[in-house]
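This report concerns one protein model, shown below.

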Amino acid sequence: MERLDAALHEILVADNAVRDAAEAWIDSISGDMSFVPELLKRLQPTVDDVTRQITAVVLSGKIGRLWSVIPEEQRVLLKSCSLEALATATTPSVQKAFADLVNVIAQITVPSTGWSELLPALEAGSQSVQPVHRETSAILLAQLADSLRERLAPVLSALRKMIILGARDSVLSVRLASLKGLCTLAECADSDSARAELVDVIPPLLQLASELITSGATPTCPETLEQ
């Protein structure tokens with residue numbers, strides 16, 4: 001594992017041969033029982049953003065194959081570390097990488113064993129004083145709605161509250177992310193009760209969509225309004 005840090009950074013270089021060699025080496029050690037714990041150390045807030053980001057990307061690509069073979073304590077640690085990382089990142093690119101990782105883990109765990117800490121983490125992110133956390137919470141919500149679909153029905157009421165909060169945010173990017181989240185949730189609302197949960201979300205988001213269309217800020221608004 002001594003070469004791990006160098007290999008992670010070599011994944012980012014322009015030289016194809018160097019990048020391919022680094023990816024091949026990382027793949028060759030991924031079966032080692034210390035692989036996941038070593039990567040989790042590199043998600044910690046004390047590590048530089050570039051290393052944290054590429055570590056999250058590597059984990060996102062490997063964890064689907066590794067989940068069934070790593071010990072339960074590593075699974076628990078991976079879930080807690082990914083949520084902690086999501087809450088401590090301060091740049092959009094790093095937040096996006098962590099959101100993708102959380103989404104991958106959720107696709108594995110929610111249908112089988114569940115993930116009780118996930119919704120509180122989303123709620124905390126949606127209320128953060130950091131705009132990047134609020135935006136990422138809305139983005140992650142849209143990702144989860146797309147990947148988990150009907151499995152979100154039991155928590156639709158809580159998700160609705162988060163969308164309304166995001167739609168009224170003072171930061172445009174947060175409001176826009178919430179608009180996309182509603183579009184995804186609307187596609188999942190396949191019953192009268194589910195659609196009823198979303199009714200009072202529509203007015204603030206229609207107002208936002210109208211503002212965005214008028215300003216030309218996003219080409220996605222007509223499609224979202226049509227939903």
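## Salt bridges within helices

Glu72 is partly exposed at 47% relative accessibility, where buried means under 20% relative accessible area, exposed over 50% and partly exposed in between (1.4 Å probe, protein chains only). Glu72 forms a salt bridge with Arg75, with the closest N and O atoms 3.4 Å apart; the term denotes a side-chain nitrogen of Lys or Arg within 4 Å of a carboxyl oxygen of Asp or Glu. About one helical turn separates the two, because Glu72 and Arg75 lie three residues apart in helix α5 (residues 72–88). Helices (H or I, at least four residues) and strands (E, at least two) are DSSP runs, numbered from the N terminus.

In helix α6, Lys96 and Asp100 are four residues apart, and therefore about one helical turn separates them. Their salt bridge has its closest N and O atoms 2.9 Å apart. Lys96 is partly exposed at 39%, and Asp100 is partly exposed at 23%.

Within it, the Glu38 and Arg42 side chains meet at 3.0 Å, N to O; Glu38 is buried at 18% and Arg42 is buried at 11%.

## Asn103

Asn103 belongs to helix α6 (residues 92–109) and is buried, with a relative accessible area of 10%. Beyond its neighbours within four places in sequence, Asn103 contacts (heavy atoms within 4.5 Å) Leu140, Gln143, Leu144 and Ser147.

## Model and confidence

The model is predicted: local features need pLDDT of at least 70, side-chain atom pairs count only at pLDDT 80 or more, and totals for chains, interfaces and linings use all residues. Residues are numbered from 1 along each chain as its sequence is written, and side-chain values use heavy atoms, leaving out hydrogens and water.

Mean pLDDT, the predictor's confidence in each residue from 0 to 100, is 84 for the protein, and 86% of its residues reach 70 or more. Confidence is highest in helix α3 (residues 35–41), at a mean of 96, and lowest in helix α13 (residues 221–226), at 48.
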